[in-house]
Amino acid sequence: MREHFTQEILGINQDMQKMSVLVEENIRRSLKALTSQDAKLAKEAIAADAKVNELELAITDRCVLFIAKEQPVAGDLRHIVACLKAVSDIERIGDYAVHAAKRAKELADEKYIKPLVDIPKMLTLGLEMCRDGVGSLVNHDRALAIATAARDADMDNLNKQVNRELLALMFEDKDNIKQATKLQFLSRILERMGDHAVTICSWALYSVDGEHSEL
Amino acid sequence: MNPETSAGLDLKGVNIFYGDFHAVHNLSMTFQSREITALIGPSGCGKSTLLRSLNRMNDLIPSSRTEGEVIFHGKNIYDADVDPVQVRRWIGMVFQKPNPFPKTIFENVAWGARINGYKGDMEELVVTSIQRVALWDEVKDKLQKPALALSGGQQQRLCIARTIAVKPEIILMDEPTSALDPISTAKIEDLLDELKKSYTIIIVTHNMQQAGRVSDKAAFMLTGVMEEFGPTDQIFFNPKNPKTEAYISGRFG
């Protein structure tokens, strides 16, 4: 029963996953642009964010229209509200991918003061946390939400590690300060990717349990 | 029974039969005083049967039999020494379709009080009752006009005025807005909010949004069984019973 109702929820879930995939692709572009110092690819990543922003608005409108026309209740309502909230977090993760691309563009012609190891790890981790957070939301997967949120500790540790190394490099040679500061800022931004993925996971739990959970 | 004290209803092991058909199964619950409780469930689940048992309207159906207790002011309304007509004064009912008498607006409201031998100021009673249902401004200049000339929404508010004119403590409502347009429905819903300050209200509705909007508690019935009963916020936000969730979200019924 309520075939259209069910189809519309499925459609919203597909849009959420589509948005997540767009963000994941852009994180990959930014990652490659950083590691291969490819300014052209960085520009592509910056431009591609427009599609993410468009989809955020489209999903928001779709959810609002669904509430207005179908008047969902209980688990369905919680799920739509969770999607409405989480879609902003996905969009912010997309913005952080753009930030990484901008740094890649700035640093494309500079020699790195150290090989980039942990920052690419952070980008990959952010990508996976975003993918799994959205997956846990659309699939009502409690265990995946909790496991994904737990990975934020790795993200925090990577951020600390990057900062320690960059600080040492700045003490070592003041000429490193300019680039190290940029990389430190990038690391802090990437750490925020993890925080937004955790928020997506907490919305997934809200959708399943009907309660706000601290993750 | 002492109508001066609290005015809820306690059901203890209520079973209702129509001949051999077991319509309501072993139901125990409390309708709290000055709250609105919505009875929800698919057609044939027993909610209207239950509602009619609360003021012994089922007595009027020859094959109907009610077992268990419906306690009102500490007394089972089904006890042999209780007059069912008196029960219906304390516990009034508003029906799905507005059913004013083919009389004037004034006489419709005065009727119940008059046959009960009301000795007070009848005009004051009628005016107050009509004012309480927010109908006064619309009918004050035509109290002697036929009630049947009113719109459906006005007729239903008049029927509510007629019900409260006999000063009940509990009002039972069987889909009171299902025959009304959205504006008239909104007026009745606003009225319910006002009435619950003075009366205990039990409403049967098929409109889930209405149940969510107007009630403090909601009870979901299925095939004569009370599947879930709790605060409306919980029933509509996070029901404990998957059958309740399936029903309120329109997946069956």
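**Close-up views: legends**

**View 1. Surface of chain B.** Chain B exposes about 11,000 Å², and carbon and sulfur atoms supply 51% of that area. Accessible areas come from the Shrake-Rupley method with a 1.4 Å probe; for residues, only the protein chains shown count as cover. The model is predicted: local features need pLDDT of at least 70, side-chain atom pairs count only at pLDDT 80 or more, and totals for chains, interfaces and linings use all residues. Residues are numbered from 1 along each chain as its sequence is written, chains are lettered from A and ligands numbered from 1 in the order in which they are written, and side-chain values use heavy atoms, with hydrogens and water left out.

View 2. Chain B holds 10 helices and 10 strands. Both are DSSP runs numbered from the N terminus (helices: H or I, at least four residues; strands: E, at least two). The C-alpha trace of chain B spans about 50 × 45 × 30 Å along its principal axes. Its radius of gyration is 18 Å, which agrees with the value near 18 Å for a compact globule of 253 residues. That radius is taken over C-alpha atoms, and the globule rule is 2.2 Å times the number of residues to the power 0.38. Of the 253 residues in chain B, 55% are buried. Buried means under 20% relative accessible area, exposed over 50%, and partly exposed in between (1.4 Å probe, protein chains only). In chain B, 68% of the contacts with a separation of 6 or more join residues 24 or more positions apart. A contact means heavy atoms within 4.5 Å.

**View 3. Charges of chain B.** Chain B carries 28 positive and 30 negative charges, and their mean positions are 3 Å apart. Lys and Arg count as positive, Asp and Glu as negative; His and the chain ends are not counted. Each charge is placed at NZ of Lys, CZ of Arg, CG of Asp or CD of Glu.

**View 4. The helices of chain A.** Chain A has seven helices and zero strands. From the N terminus on, the order is α-α-α-α-α-α-α. The C-alpha trace of chain A spans about 70 × 35 × 20 Å along its principal axes. Buried residues make up 52% of chain A. Among contacts in chain A between residues at least 6 apart in sequence, 82% join residues at least 24 apart. The accessible surface of chain A is about 10,000 Å², with 54% from carbon and sulfur atoms. Chain A has 29 positive and 35 negative side chains; the centres of the two sets lie 4 Å apart.

**View 5. Surroundings of His79(A).** His79(A) sits in helix α3 (residues 74–106) of chain A. With a relative accessibility of 2%, His79(A) is buried. Its side chain makes a polar contact of 3.3 Å with the side chain of Ser207(A). Such a contact is a pair of N or O atoms within 3.5 Å; within protein, one must be able to donate a hydrogen and the other to accept it, and residues adjacent in sequence count only if both atoms are side-chain atoms. Beyond its neighbours within four places in sequence, His79(A) contacts Ile9(A), Asn13(A), Leu137(A), Val138(A), His140(A) and Ser207(A).

**View 6. Surroundings of Ser30(A).** Ser30(A) belongs to helix α1 (residues 3–35) of chain A. At 0% relative accessibility, Ser30(A) is buried. Leaving aside neighbours within four places in sequence, Ser30(A) touches Ala45(A), Ala97(A), Ala100(A) and Ala101(A).

**View 7. Position of Arg188(A).** Arg188(A) lies in helix α7 (residues 177–209) of chain A. Its relative accessible area is 48%, so Arg188(A) is partly exposed. Glu128(A) is 60 residues away along the chain, and the C-alpha atoms of Arg188(A) and Glu128(A) are separated by 18 Å.
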